[in-house]
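Here are some notes for reading the structure alongside its sequence. Please keep both in view while going through the points.

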Amino acid sequence: MLVGDSIGLKEGKATRVAFGETLVELGHEDPDLVVVDADLNNSTRTDLFARAFPERFFNVGIAESNLVGVASGLATCGKKPWIASFAAFMLCNAFDQLRMCVAFPGLNVKVVGSHGGISIGEDGPSQMGVEDFALAGALPGFVVTVPADEVATRLLVRQLHAHVGPAYMRTGRPNVPIVYTEETPLQLGKAHLLRDGDDVTLVACGLMVAVALEAAALLERDGIAARVLDVHTLKPLDEEALEQAARQTGRIVVVEEHLAHGGLGAVVAQALARRWPVPMRFVNLGDRYAESGKPRDLLEKYGLTARHVVAAARELIPQPVPTGS
Amino acid sequence: MSTPTATRPTLADLEVIARRIRCDIIEMTTRAGSGHPSSSLSEVELLVGLYYGGFLRHDPLRPDWPDRDRFVLSKGHGVPALYAILADRGYFPREWLDHLRQIGAPLEGHPNMRRVPGIEASTGSLGQGLSIGLGMALATRLDGRDYRVWVMLGDGECDEGQVWEAAMTASHYRVGNLTAIVDRNGAQQTGYTRDVMRLDPFPDKWRAFGWEVREIDGHRWDEVLAALDWARQTTTGPTAILANTHKGYPVSFVMAEFGYHGKALTEEEARRAREEIGCS
């Protein structure tokens, strides 16, 4: 498995698959749900919906700008469109349309960017959505979410559908470990405490939640109690949970599969600078694009493994004074 | 309620209305000190034909009537003409026109669907309205309604690739309740369209994308009304009315000279324009 072996996590589905399956369930429940695609449905997994509800599915061809415009027109007529493409194309190609046709009028369009992060692997940087948190987060009124596993995806897709207004969700390509149980009371807009600890808080989202859990296990061996907070909703941000973590642990490490600028680290730092400043470290892709390769090798080379998180946490924690010599 | 079966005004009536709308355009943009009067003047016969000729199914007292036709002004900068018409038809008080582009007032520089009754889409970033209209047109397939969607584009706007993405999709889905009206006034921000980006053969382009096309003189009532009627009756696929117009029509000095795009007339120019139009 990509990550999570070291702490015995079980492999689950890719979040894009859980998204596609949940759309089908919702399609049975809500006749106003429509899906618009820019010819990537078998990758984003809206093909599952297309098969179940062909009359409520529109493929507009390889045309992301058109995709967003069509969805907004449907939304003005009371339909509840979900649109999906690769995160890179959805946000970067159609950003103006997301701004003008969805964010500005505040229309009820749900936007999904699949193939987020570098863990897509061999297809390389042109296909990797690594700017999406910054771009989606910049759009006024947008809810921005990044589920960590299939369970979180199912819960968040349902909650997003019930929410009236624009929203963005990132999904991923590879199978990812399951960190939640079906009974987990995951709530849109609320950070979820996965592991308690008082020495440092590891704030993460998406695939990096499992990485943070691995890091916490490594830190525990050294006697460091790390808290793990899944901030699956980047916007609106659960500032209370973050302030509490800052007050109680005094140190924060933010881990994300995203560029350094404008992502989870930026919004968490902005909130804490105002509410309860503490020393922070940031584990992310920095200011560079990645390359083709096996997902696991890419995470290693570009600094997104438990080892990297541990090193960042260690920078914040005073080393014991050497004695004896 | 205005339906295709309602009594149609005479050509003389339409002429009077069009003159009134043009006078409003000049007055409101000159008062605002900015705006796009020339891009608004070129579209007046097309919009008056649509809103007063009995072709647009609408009810100013019920702007959210689910069965209404939708009109999307994709060339959002031409909105002063639409504001004047919506006010005249009773969508909002005429006094709103006096506060065009003022802070706190609803009539912004470009259409904002959240602030103005009768505005169906927020536009102003060119190239997007045809996709929005296509989405509205497709929605009728899901709830069994029979309204038509009319989208007005500028010709310069057709430089935008998204226009052609939407055009291709509309004919692929054989959308029979979507009409594009192109205000082909021949000029854009920095020059004439033929110099900036050649569109010809323009009708052939639309035909090649699978649209039924009518090319008309966009200032002649008989041609405007016949084309709107033809579009209303055509339900086999998307229809395009390519209307040749003059930017600034009928104000001689605005038509004669390039350089009036995006500029309000001065008080003195406005006085001369109103005189030429025949404002009281």
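**Notes on the backbone and the chain contact**

1. P250(B) is found in the loop between β7 (239–244) and α10 (252–256) of chain B. Helices (H or I, at least four residues) and strands (E, at least two) are DSSP runs, numbered from the N terminus. The peptide bond that leads from Y249(B) into P250(B) is cis, with omega near 5°.

2. This is a predicted model, in which local features need pLDDT of at least 70 and side-chain atom pairs count only at pLDDT 80 or more, while totals for chains, interfaces and linings use all residues. Residues are numbered from 1 along each chain as its sequence is written, and chains are lettered from A and ligands numbered from 1 in the order in which they are written.

3. A cis peptide bond also joins D200(B) and P201(B), with omega about 0°. P201(B) sits in the loop between α7 (193–196) and α8 (202–208) of chain B.

4. Most residues other than glycine have a negative phi, and most peptide bonds are trans. D39(A), in the loop between β1 (33–37) and α2 (41–44) of chain A, has a positive phi near 60°.

5. R101(B) is not a glycine, yet its phi is positive, about 65°. Its place is in the loop between α4 (79–89) and α5 of chain B.

6. In chain B, 21 residues are in contact (C-beta atoms, placed from the backbone, within 7 Å) with 24 residues of chain A. On the chain B side, α5 (129–143) and α6 (161–172) are the elements that give two or more residues; α5(B) gives the most, with nine residues.

Note on methods
Two residues are in contact if their C-beta atoms, placed from the backbone, lie within 7 Å.
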